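The sequence and the model are shown first, and the points follow by topic.

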Amino acid sequence: MNRRFYLKALGAMVLLVGGLLAIGAACGGDDKGGTGNGGSGNADLDAIAQERGLTPEDMKHALQAYVPPGQYDPYIMIASGGQSGQVLVIGVPSMRLLKVIAAFTPEPWQGYGYGADWGNTVLAEGNPSIPEGTELTWGDTHHPAISETGGEYDGRWAYINDRANGRMAMIDLTDFRTKQIVAVPNAETSHGGMFVTPDSEYVHISSKFPMPWPAGSYADLSEYQEKYRGVSAWMKIDQATGRVNLDDSFEIELPPYNQDLADSGKLVSAGWAFIGSWNTEMATGGLGPDGKPNPLEAGASQNNFDYLHVINWEKAAEVAKTKGVDTNGVKMINIQTAVEEGLLYLIPEPKSPHGADVDPSGRYIVVGGKLDPNVTIYDFNKIQDAIAAEDFEGTDSFGIPILNFDSVMAGQVEVGAGPLHTQFDSQGHGYTSMFLANGIAKFTLGEDVVKTDEAPFTLIETIPTNYNIGHLVTAEGDTVSPDDNYMVALNKWSIDRYAPQGPLHPQNFQLIDLKGGKGPMELISDTPIGLGEPHYVQIIKADKLHAIDLYKPGTDVLTMQRSEFAIDAGQEKVERNGTTVEVWMSATRSHYTPDILRVKEGDTVKLHITNTEQTRDATHGFAIANYNMQASLDPGETSNFEFIADKPGAWNFYCTEFCSALHLEMAGWFLVEPQ
Ligand code: RUQ
Ligand code: CUA
């Protein structure tokens, strides 16, 4: 843009902004800055833009993402935190980090996993029973799934998987705390198989790498095809608590392919689900001493097609009741039963596929080609017809029928190199991330879905991303009615986008304006994420969330009921029973009662602390020097420690949350008399 045009455009933008501010003032806006009536505001904005070297586009984008102090973002993003093992809560469009939710990894701010019973209980329950004695203190969070009612996010719970292990966590969205970690039976690892069904009947997770069956047994890789298996796990959600109930859950045995991204059917395809896969070659690697010529990446990329698994889960839930075999605490439908009962089909998907995303109508399933520039779009109606007509290409080596590719494929769109994941708007568009091409492609879906005059299965436009995008997300993107405003690109590389901080770079989230689905897509902002590699995220309308401000007095956050150890102010006490000292303590601004605890070396200490406050944000902490203990007690919360007083000395305990003017005085003594 030449300088004259720049100045003209800048002037127009300043007029626009000045006009908006003037309208705000005229509508009763509180004109604090004195910029309300044109002149001085224009001059100020002009000066700021000049001084900071901002273009009119920059100024527009700043306004689009700006949320004034004290105001809220209209959307909330629930994002995986990658190797941190946690979950991030981010406002959209401001992209401000609001909270890090402790999930699979101890988290000191919230006192998660540092002795208090909430975190310690959740983390311990999440340890797998096979192999015995396993203690996990981290996870690799990948794919969050917000609970749904009628195919819409309902803001009750969120689930997230642990990529490193076959586990999932349940987060209660009333207090944004993890309440349960489930070690999924018969799964050693997990990846993109996470979704909830449209009415949150089940949360689904599938294995990533197959493992020798039965779980816990050993088999050499030479027996890969015979002994190794994958699994599709349907974890029943308790509608009162959001917790997973293994007794009513079921699993389906799958071949030793690498089950990958998955999605739930919805509306026309309700009751069905789709799981992509790769490595149907069943390659195992073997470079180096094993003397094989190919690494896994090459061995797994030989076939022109892998398989999309098509599962009738509604029927499977019924079949599991009578034909499921109890396997490590869950009902398992084996492959043969799944085939006989018509629960499981395969569809060829080209070239090491990635992504398996169902459009908002439920009719189209979009699969990215990863090593192919196309996305392939399947039509659920055609899938149903092919199943009814037994229109099969044959079966795989496990006897699972393979639907005829040409019969079920609705179309392909050449989007660009390395297509991965697809999100949707409500106008009949898909948006596919392209890892290799560094961008997002927008294209049209098929008949009955496209609400514009664009032709079906047509590439509309692309936008570059910086750099190497993995997932992308649209607001309300996995529901039956996505909003058509915001999209976020989750880029794996940031390279030169931020001030250098050594060789490890943050991930880069890019906020993109979809303009009502009408386009063209436009980049609004970049946001660095500096604590791990978020994989997938979902964006929910903020007004669907109903977070509480306070716990009721004496709440145990695991049950959300009054704790049996809760006290009210004035009921504090200490009891000794043999070598056990039990303390019922209160915490309020700015003291603990009692504030001196006397025990003998070797005593068992049971410490029950209740934050007796009922004031929003009046959180107190509790930590004892040299005992590696830390709790965070939100207002109304009761928390418990049990430990051995094994270090004699006079130990200071203190409140770790800056709660009041006399926060520094909120402290006491833990006196451990030597034996
Ligand atoms: S998938 S590396 Cu979500 Cu593209 Cu995981
Ligand atoms: Cu309580 Cu600081």
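In which sense do S11 and strand S12 pair, and over how many bridges? S11 and S12 (residues 244-254) are antiparallel and pair over seven bridges; two strands count as paired if DSSP finds at least two bridges between them. Helices (H or I, at least four residues) and strands (E, at least two) are DSSP runs numbered from the N terminus.

The model is predicted: local features need pLDDT of at least 70, side-chain atom pairs count only at pLDDT 80 or more, and totals for chains, interfaces and linings use all residues. Residues are numbered from 1 along each chain as its sequence is written, chains are lettered from A and ligands numbered from 1 in the order in which they are written, and side-chain values use heavy atoms, with hydrogens and water left out.

- S11 and S12 form a hairpin with six residues between them, and glycine 242 in the turn has a positive phi of about 85°.
- Isoleucine 237 belongs to strand S11 (residues 228-237) and stands opposite valine 244 in S12.
- Isoleucine 237 counts as buried because its relative accessibility is 3%; the classes are buried under 20% relative accessible area, exposed over 50% and partly exposed in between (1.4 Å probe, protein chains only).
- Contact means heavy atoms within 4.5 Å. Leaving out residues up to four places away in sequence, isoleucine 237 touches Trp157, Tyr159, Val196, Ser200, Glu201, Tyr202, Val203, Gly242 and Arg243.
- The C-alpha atoms of isoleucine 237 and serine 200 are separated by 6.8 Å, although the two are 37 residues apart along the chain.
- S12 also pairs with strand S17 (residues 330-333), in the parallel sense and over three bridges; methionine 332 in S17 is the bridge partner of glutamate 251.

- Glutamine 180, in strand S7 (residues 177-183), is buried, with a relative accessible area of 12%.
- The side chain of glutamine 180 reaches the backbone nitrogen of valine 244 at 2.7 Å.
- In helix H4 (residues 117-125), Trp118, Gly119, Val122 and Leu123 are buried. They cover an arc of only 115° around the axis, so they lie on the same side of H4; the arc is that of the directions from the helix axis to the C-beta atoms.
- S7 is included in what covers the buried residues of H4.

**Lysine 442**

- Lysine 442 lies in strand S27 (residues 439-444) and counts as buried, at 1% relative accessibility.
- The side chain of lysine 442 reaches the backbone oxygen of glycine 517 at 2.8 Å.
- Beyond its neighbours within four places in sequence, lysine 442 is in contact with residues including His429, Tyr431, Glu461, Gly517 and Met521.

**Surroundings of ligand 1**

- Ligand 1 is surrounded by His142, His143, His191, Leu261, His354, His421, His471 and His535, where a residue is near a molecule if one of its heavy atoms lies within 4 Å of it.

- Five bridges join strand S36 (residues 573-577) to strand S37 (residues 580-588), and the two run antiparallel.
- Lysine 573 has tryptophan 584 in S37 as its bridge partner.
- Two residues separate S36 and S37 in this hairpin, and glycine 578 in the turn has a positive phi of about 60°.

Note on methods. Polar contact = N/O pair within 3.5 Å; in protein donor to acceptor, adjacent residues only side chain to side chain.
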